[in-house]
Amino acid sequence: MSDDARRAQYAAVFDLLAEVYGRPVWRSHGPPLDELIYTILSQATADVNTARAYAELTARFPDWPSVMNAPPQAVSAAIRSAGLSNIKGPRIQNALRHVLHERGELSLDFLADLPLDEAQAWLTAIEGVGPKTAAIVLLFSLGRPTFPVDTHVHRVSLRLGLLPPRTNAVKAHTLLAALGPPETYYAMHINLIRHGRELCRARAPLCHICPLQDHCDYYRSTAVRAADA
Ligand code: SF4
């Protein structure tokens, strides 16, 4: 598929998803450092567990310096509901130390004014922070034009054909961002996740009731296979 065809497909998918799920409107999720901690907690767990762990962490510790300086076991205990707490606890404390060491204060507000590629590079230099986490912090907190790619966004985009086959998740961040204007990134990200959870599930996607059938490579290929059988 040509780049122009993919851009047209992106626009069509964007409109259809907005019709079905609505068009989520961006509003800042909070300071970027808070978002970084929240996103580290969210790695490999469900939203409800992330929210519970974040609430517990911020209830037990009055501020980020207290989290940074706490005994590691105390942080891990506070975030137990997020899972992998013995990895995420040290990861959060290391991230806080990294920010303080590099910036002299526990704040990531400066990322709002850094060129985008520098902001992404700055965040991914923190141990345990990959392109997805960096993109979430920059988009959700600061409204910077990044396109976060989680497992749902990756799977649905590959099936639709928005991404060339076998595109890895890291490359997908750049390729998806090139398909539409920045003002669509937030709503498209949210709606692709919702679609991946509700219809385009990892196993047994519900293609027979999917509104994206006419724009989906996977649907076309399975329909052809079924017709040939
Ligand atoms: S038609 Fe099937 S594979 Fe394609 S987006 Fe819909 S649910 Fe996913």
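The bounds of a domain here come from an automatic or database domain assignment. Keep that in mind as we walk through this predicted model, where the chain is divided into domain 1, made of residues 3–25 and 148–224, and domain 2, made of residues 32–141. The centres of domain 1 and domain 2, taken over C-alpha atoms, are separated by 28 Å. Where the two domains touch, 7 residues come from domain 1 and 5 residues from domain 2. On the domain 1 side, α10 and α11 are the elements that give two or more residues. The residues on that side of domain 1 divide into 5 nonpolar, 1 polar and 1 charged.

Now let's turn to helix α8, residues 131–141. Is α8 largely enclosed or largely open? Of its 11 residues, 10 are buried, so the rest of the structure largely encloses the helix. To count as buried, a residue needs 20 or more other C-beta atoms within 10 Å of its own. You can find the buried residues of α8 on the model: among them are Lys-132, Thr-133, Ile-136, Leu-139 and Phe-140. What do they pack against? Their partners are α2 (32–42), α7 (116–124), α10 (169–177) and α11 (185–198). Just after α8, look for Gly-143, which takes a positive phi of about 70°.

Next comes the largest nonpolar core, which has 56 residues; Leu-41, Ala-95 and Leu-138 touch the most other members. Helix α8 gives the most to this core, with 7 residues. Domain 1 and domain 2 both give residues to the core, so the core lies between them. Leaving aside its neighbours within four places in sequence, Leu-41 is in contact with Thr-50, Ala-53, Tyr-54, Ile-79, Ala-82 and Lys-88.

Our last stop is the ligand. Which residues come nearest to the ligand? Of the 14 residues around the ligand, the nearest are Cys-200, Cys-207, Cys-210, Cys-216 and Tyr-219. Two helices, α9 (151–160) and α12 (217–228), each supply at least two residues of the shell around the ligand. Helix α9 gives the most to this shell, with 3 residues. What kinds of residue make up the shell? They divide into 12 nonpolar, 1 polar and 1 charged.

Technical notes: Residues numbered from 1 in each chain as written. Predicted model: local features only at pLDDT ≥ 70, side-chain atom pairs only at ≥ 80, totals over all residues. Near = placed C-beta within 6 Å. Helix = DSSP H or I, 4+ residues; strand = E, 2+ residues; numbered from the N terminus. Nonpolar A, V, L, I, M, F, W, Y, C, P; charged D, E, K, R; others polar. Buried ≥ 20, exposed ≤ 12 C-beta atoms within 10 Å, placed from the backbone. Core = buried A, V, L, I, M, F, W, Y, C linked by C-beta atoms within 7 Å.
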